[in-house]
Amino acid sequence: MSTLDTKCFTEEQEALVVKSWSVMKKNSAELALKFFLKIFEIAPSAQKLFSFLKDSNVPLEQNTKLKPHAMSVFLMTCESAVQLRKAGKVTVRESSLKKIGATHFKNGVVDEHFEVTKFALLETIKEAVPEIWSPAMKNAWGEAYDQLVDAIKSEMKASS
C-alpha cells in the first residue's frame, strides 16, 4: 500500500476520528463486545468463522475468549484509524497484517463479512458518541475502515 492511497484521509477526517476515539477509549472493552455482538446479530452465521465459538454453549456475552478477541480487534481498528494520516499508511500493533490476512483467508472471510463488520463498527461508534456523531464522522470512520480492510485483503491475496 503506498502513501498515495491514504492521501484521501484528510486532516478533518483525522480530527473527527481522534475526537470520537478519545471519548470511546475509556469504554473500549464494553464497546468492543457490543461491536461483536452487533456483528453476530446481523450475521449469526459469522460465529462459525471463530474456532472458539463453534462448539460453545455459553451465551456470547459470557464467552471468555470472545471478550479479549473483540477488544483486540476493536482497539486495532480504532488505533489504526487514529494514526492513518500521520503514518501515511495502515499500521497495526501486536499482530502483523500478514498474520491477520492469513487468518482471515484460512477462515474463509469474504467481502460480505467485511461489509457487515463495517456496518456494525459504524453503528457501535454512532451509539457511543451520539452527541458528536455526524455524516462527516461516519465518512471518516468508513474511510479509515476501508483502508484497513484493503490492507488486510492484500495480505489475504498473498496467502492464497
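## Close-up views of a predicted model

**View 1. A salt bridge between Arg-85 and Glu-14.** In this predicted model, Arg-85 and Glu-14 form a salt bridge in which the closest N and O atoms are 3.4 Å apart. The pair links distant parts of the chain, with Arg-85 in helix 4 and Glu-14 in helix 1, 71 residues apart. Arg-85 is partly exposed, at a relative accessible area of 31%. Glu-14 has 13% relative accessibility and, because the limit for buried is under 20%, counts as buried.

**View 2. A salt bridge between Lys-38 and Glu-127.** The structure holds 6 salt bridges, one of which joins the side chains of Lys-38 and Glu-127 at 2.9 Å, N to O. Lys-38 belongs to helix 2 and Glu-127 to helix 6, so the bridge ties together parts 89 residues apart in sequence. Lys-38 counts as buried at 15% relative accessibility, while Glu-127 is partly exposed with a relative accessible area of 46%.

**View 3. A salt bridge between Asp-146 and Lys-118.** The closest N and O atoms of this salt bridge are 3.0 Å apart. Asp-146 lies in helix 7 and Lys-118 in helix 6, so parts 28 residues apart in sequence are tied together. Asp-146 is partly exposed, with a relative accessible area of 28%; Lys-118, at 18% relative accessibility, counts as buried. Elsewhere, salt bridges that share partners join Glu-11, Glu-14 and Arg-85 into one network.

**View 4. Helix 4 and its bend.** Helix 4 bends by about 35° at Ala-81. Its 22 residues should span 32 Å at 1.5 Å a residue, and the end C-alpha atoms are 30 Å apart, which agrees. Buried residues of helix 4 include Phe-74, Cys-78 and Ala-81. Among the elements covering the buried residues of helix 4 are helix 1, helix 3 (51-54) and helix 7. Gly-88, with a positive phi near 80°, follows helix 4.

**View 5. Helix 6 and its packing.** Helix 6 covers residues 111-128, and its 18 residues should span 26 Å at 1.5 Å a residue; the end C-alpha atoms are 26 Å apart, which agrees. Phe-114, Leu-121, Leu-122 and Ile-125 are among its buried residues. The buried residues of helix 6 pack against elements including helix 2 (28-42), helix 5 (97-106) and helix 7 (135-159).

**View 6. The largest nonpolar core and Trp-141.** This core has 47 residues, and Trp-141 is one of those with the most contacts inside it, along with Met-24, Phe-36, Ile-39, Phe-40 and Phe-74. Helix 7 gives the most to the core, with 10 residues. Not counting residues up to four places away in sequence, Trp-141 touches residues including Leu-16, Trp-21, Met-24, Cys-78 and Leu-122.

How values were computed
Residues are numbered from 1 along each chain as its sequence is written. This is a predicted model: local features need pLDDT of at least 70, side-chain atom pairs count only at pLDDT 80 or more; totals for chains, interfaces and linings use all residues. Side-chain values use heavy atoms; hydrogens and water are left out. Helices (H or I, at least four residues) and strands (E, at least two) are DSSP runs, numbered from the N terminus. The expected span of a helix is 1.5 Å times one less than its number of residues. Buried means under 20% relative accessible area, exposed over 50%, partly exposed in between (1.4 Å probe, protein chains only). Contact means heavy atoms within 4.5 Å. A nonpolar core is a set of buried Ala, Val, Leu, Ile, Met, Phe, Trp, Tyr and Cys residues joined through side-chain atoms within 4.5 Å. The bend at a residue is the angle between axes fitted to the seven residues ending there and the seven starting there. A salt bridge is a side-chain nitrogen of Lys or Arg within 4 Å of a carboxyl oxygen of Asp or Glu.
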